[in-house]
Amino acid sequence: MSSVKKVTLKSSDGEIFEVEETVAMESQTIKGLIEDDCADNAIPLPNVTGHILSLVIQYCKEHTSSSDSNSSKSNEKLKAWDTQFINVDLNVLFDLIMAANYLNVKGLLDLTCQTVADMIKEKTPEQIRAMFNIVNDFTPEEEEEVRRENAWAFEISLKNNNVVDTFEVEESMAKELQTIKNMIEDNYTDSVIPLHNVTSDILELVIEDCKKHVEAAESESEPSYSLASKLIDDPLKA
Amino acid sequence: MAESTSKRLKPTDPEEATVVEDRISNLPDSLLCHILSFLTTKEAVVTSILSSRWTTLWTLVPKLDFDSNEFGEIFSSDEEEQSPNHQDQWNTNRYHFTFAHIVSRVWALRDRSRNNANPIKHFRLYWRSDSDPIHVDTWVRTAITPDLEELDLFISHPKPFNFPSTFFNYAKSLLVLKLNGKIVLNPPSSSFGFPSLKTVHLVNVRFANGNTFSKLLSCCPVLQNLYLQIYIRDRDNYFKIIVPTLKTLHLVFLRFWDCKLEINAPALEYLYCRGCSIEDILLGNLSNLLEADVTVDHDASKDYGKKIRDFIGALSNVKSLQLVSNLTECLCYATETDLPMFHNLTCLSIHIGCILWDVLLNLLHRAPNLAVLVFNTENVEWYNFDEEYTSIIVSMFYGDVPMCISSHLQTFHFKGFKGSTYELEFVEHILKTARFLKTMTVSSARMNSEEKVRVLKELLMFPRESRTCQVAFL
């Protein structure tokens, strides 16, 4: 076996890793150090723990060896490997983001950020907050103001299972229906709320009722609630 | 950058009152923006409500991604579409957003806090509508700046959309260009070009005249990936793809008329080609080609002799070859000596309409290092030919067994297996002669479970020359 150039990396908690130079150069940061001749001894990486560094090295190894063939098959294989690799818990994921950023490993940074983005996709703000423990520090007025500024982005789809008709309705209107309001507040919803017992045409009527109700802004609207909305409220109440 | 990981935290349970950290909000702006850049603009704007930290983050993302599909029934794309009745339903205090309003609003709010110090690097627009494309024209023109790196447009409209020619002079940093739809391209004769443009996808676009395509290619000195799907509407079309830096070429022609194609791309590594007739293709030097997935149109009344030799000869260096129906039919016209030696060929996939054993045999004899063979007979008519095929196979293996089978073949995948005699005969012989075979996979979609059991039993009974061979039946 011909002698392959190796580099020594030292994690924040003192773990030593001996890595082939080509693998280590997947990190633009390390590449720079090597090219500037600063890599004779162990390269200290104070911002990366041993556990995370070993994962990063794994990623770099897999991606260096696959960079020769650009074929569709090996790309598929690599994608499958990436999907498996990134299936880690949230804390490790964030550690990997920081490490990939610090070590400047573009592929890993994109992979980790895409994974987080996929978690955010198509979720309601409430769900996103719950997932990442984000504290809502708005006052109700402030929140309402932000909502108004970007009103077009905040809407919910009410979907009927039978006919797959999606109705996009502003959240404030949907909350007129107590059941749906509860669902929203209990973080029940994906971005599409299925309403099993309601057909499209009835749902349309209900939505129109809600609109009228909201606009009228009176409270004694019992008569204007059609039978249909009662249908929603009753069967769906747990 | 906030200090975050001094201790390892457990995945959180909302009920617990322990230290539960919001790590995502503690990431620096640049990383959060990078995450948001993987979302559409609408999804990114939703994050503005998460907490005060997030309110303006979406404005930092140098990407705008609008998809008119994302906006449902309530937001129509045409302002005039609203009938008077519908209008009444809306409270006058409530704003009614059309897609055009949304895009303009987002753009304006985005620029508000930064005075254009945060230019758009990536603009993606998916727009399907009957209404006046004046907005689209405005947006595209606004997006075309020297900072733009990626442009991705899908425009579906009854009339053709004239792509602004300023594009060819202003978008100097462009890396990726994707255009899909009735978009008319008309590069000016002296255009600055795109010194960094590496990837171009053109689907169903229109070229202003016969020179447009060549002009476009000449603007791209470092082009590596070209993806083309073209409708050939006029006669006398001649597509010359002369790109010395090109590595990947994916070509689909949908044609009513004939079209000549010349490929001169010596650095090409991957070629996918559909829709040309073999007489009309000129493949230049492809000595770096690693993978080819090619088929051609075939007219059974013609004799392709020399043409096929030239064509298949150009592909002789590939490592992986996918032969689809029609090209295999053309190969009938080639004798074994017409075919070049495929020294590097390690993976061959044949998907054919009718089995041409001669063609297969010739190819196998010319590919001494073949390690993977995929034999796909999903569309083959075998009913009348079972006996005939069986005897062909027997004689095939009685004579000179191709060297690749006996000394190199490691993987054999038979797709579209139906349980007929000739198929079993074929598999049996491969197993008997392939000394280094590691995996034999047989997949069949159309057999019922009884049949499958019968076949599996037979397969497992066949003697195997290679002791390490595994047989799989899917």
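These legends walk through several close-up views of a predicted model. Local features are given where pLDDT is at least 70, side-chain atom pairs count only at pLDDT 80 or more, and totals for chains, interfaces and linings use all residues. Residues are numbered from 1 along each chain as its sequence is written, chains are lettered from A in the order in which they are written, and side-chain values use heavy atoms, with hydrogens and water left out.

**View 1. Chain B as a whole.**
Chain B holds 14 helices and 21 strands; helices (H or I, at least four residues) and strands (E, at least two) are DSSP runs, numbered from the N terminus. Of its 474 residues, 52% count as buried, where buried means under 20% relative accessible area, exposed over 50%, and partly exposed in between, using a 1.4 Å probe and protein chains only. Take the contacts in chain B between residues at least 6 apart in sequence: 63% of them join residues at least 24 apart. Contact here means heavy atoms within 4.5 Å.

**View 2. An open sheet of three strands in chain B.**
In this sheet of chain B, 3 strands line up in the order 4-6-8, with parallel pairing. Strand 4 (161-162) and strand 8 (206-207) of chain B are at the edges with a single partner strand each, so one side of each has no neighbour in the sheet. Strand 6 (residues 183-185) and strand 8 of chain B pair over 2 bridges; two strands pair if DSSP finds at least two bridges between them. Look for Leu185(B), which stands opposite Phe207(B) in strand 8 of chain B.

**View 3. Strand 9 of chain B and its two partners.**
In a regular strand the side chains alternate between the two faces of the sheet. For strand 9 (residues 225-232) of chain B, the covered face carries Leu226(B), Leu228(B), Ile230(B) and Ile232(B), while the uncovered face carries Asn225(B), Tyr227(B), Gln229(B) and Tyr231(B). Strand 7 (residues 199-203) of chain B pairs with strand 9 of chain B in the parallel sense over 5 bridges, and Thr199(B) stands opposite Asn225(B). Strand 11 (residues 248-255) of chain B also pairs with strand 9 of chain B in the parallel sense, over 8 bridges; here Leu226(B) stands opposite Leu249(B).

**View 4. The lining of the second largest pocket.**
Helix 6 (106-120) of chain A and helix 1 (29-36) of chain B each supply at least two lining residues.

**View 5. Glu26(A) in its loop.**
Glu26(A) sits in the loop between helix 1 (21-24) and helix 2 (28-35) of chain A. Its relative accessibility is 26%, so Glu26(A) counts as partly exposed. Beyond its neighbours within four places in sequence, Glu26(A) is in contact with Cys60(A), His63(A), Thr64(A), Asn104(A) and Val105(A).

Glu122(A), although not a glycine, has a positive phi of about 55 degrees, and is exposed at 57% relative accessible area. Asn133(A) has a phi near 60 degrees, and counts as buried at 18% relative accessibility.
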